[in-house]
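Let's take a friendly walk through a protein model, looking at its rings and its helices. Have the picture ready.

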Amino acid sequence: VGSGDEAIVLYVSHYPETGEVFSPEALATRFFAKVAEIELVEVLCQSDSIFVSQLPVIRYRYNFIEKKYIFDFIRKLIDLDQNLTEEEKNKSEGLILLAKQQIATSLRYYDFFQRPIEIIPRGMHPALDFLQHRVLSPVIQFKRRVFSRFLKYFMQSQVIEHELEGFQLADKAHRIMSAALGKKRSFFENGDRPSSCDIIVYSMLTYELLHYPSSPMVKSSLEKIPNLLEFTARHDDMNMSFDSDRPRSTKIQLDFE
């Protein structure tokens, strides 16, 4: 396709009824590729398989990059921080780490514990609704709690178990980011291009706003920090402006049986 092995191939989950399964990693990859004018081939994967649940994944040349490594890989592949000083690069690393750890950990809490449990479609029969609400849902929530404890105490993973803890983690990250941004348009002066920090933080904040609009970390934290909201809107416009003067990425759809 196009320049062959030099293209970035991005595999994302996609369903005809609801469209793409949004992820900050995919949003950031597209933004990086557009800024650097690198060819991007998107493969839309439709399936209920375990493989699709692990997306997005990047293929570049002969390497496959897992979801958890995408931010680090795309930053090394496309260096947008050449004009930054060493001090600015160190500050950038800290802000990216904040987004990847504290905000991402809060998002995992909402994905894991707040995700609705609907094994049986609602409204089929009152007895089935009762079974789901009184029996199945509590059992699954208990299994989620046990699994989270296992990750936290035996796998040494950063796991949060209560909504207040998740809110506090995200709120602290928002306030540090807000102080670092101040009244500037971007975190760092980088000409007419965003820095890698700008793109990654923008991707994480966009994910919060789009997928958790009623959560405390958005309603009681992010929505009360005007400069982060303005930053996100400004980079939305910048992202779309790159769309207008560059060819769109190629998209291919795959259906896995």
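Which residues do ring pairs link into a cluster? They are F22, Y207 and Y212. Keep in mind that this is a predicted model.

**Rings**

Searching the whole structure turns up six aromatic pairs. Take F187 and F231: their ring centres are 5.1 Å apart and their planes sit at 65°, so this pair is edge-to-face. F187 belongs to the loop between α6 (163-181) and α7, while F231 is in helix α9 (residues 226-244), so the pair ties together parts that are 44 residues apart in sequence. Here is how the two residues compare with the cut-off for buried, which is under 20% relative accessible area:

| Residue | Relative accessible area | State |
|---|---|---|
| F187 | 3% | buried |
| F231 | 0% | buried |

**Helix α7**

Now for a quick check on α7, which covers residues 196-211. At 1.5 Å a residue, its 16 residues should span 22 Å, and the end C-alpha atoms are 23 Å apart, which agrees. Of those 16 residues, 13 are buried, so α7 is largely enclosed by the rest of the structure.

**Two packed helices**

Next up are helix α1 (residues 24-36) and helix α3 (residues 70-77), which pack at an angle of about 5° with their axes 10 Å apart. Angles under 35 degrees count as roughly parallel, so α1 is roughly parallel to α3. Where do they touch? On the α1 side you'll find P24, E25, A28, T29 and F32, and they meet I70, F71, I74 and R75 in α3. Sorted by type, the residues of this contact are six nonpolar, one polar and two charged.

Conventions
Residues numbered from 1 in each chain as written. Predicted model: local features only at pLDDT ≥ 70, side-chain atom pairs only at ≥ 80, totals over all residues. Heavy atoms only, no water. Helix = DSSP H or I, 4+ residues; strand = E, 2+ residues; numbered from the N terminus. Expected span 1.5 Å × (residues − 1). Buried < 20%, exposed > 50% of the residue type's maximum accessible area, 1.4 Å probe, protein only. Phe/Tyr/Trp six-rings, centres within 6.5 Å; stacked < 30°, edge-to-face > 60°. Axes fitted to C-alpha atoms, helices over the stretch in contact; angles between N-to-C directions. Parallel < 35°, antiparallel > 145°, perpendicular 65-115°, else oblique. Contact = heavy atoms within 4.5 Å. Nonpolar A, V, L, I, M, F, W, Y, C, P; charged D, E, K, R; others polar.
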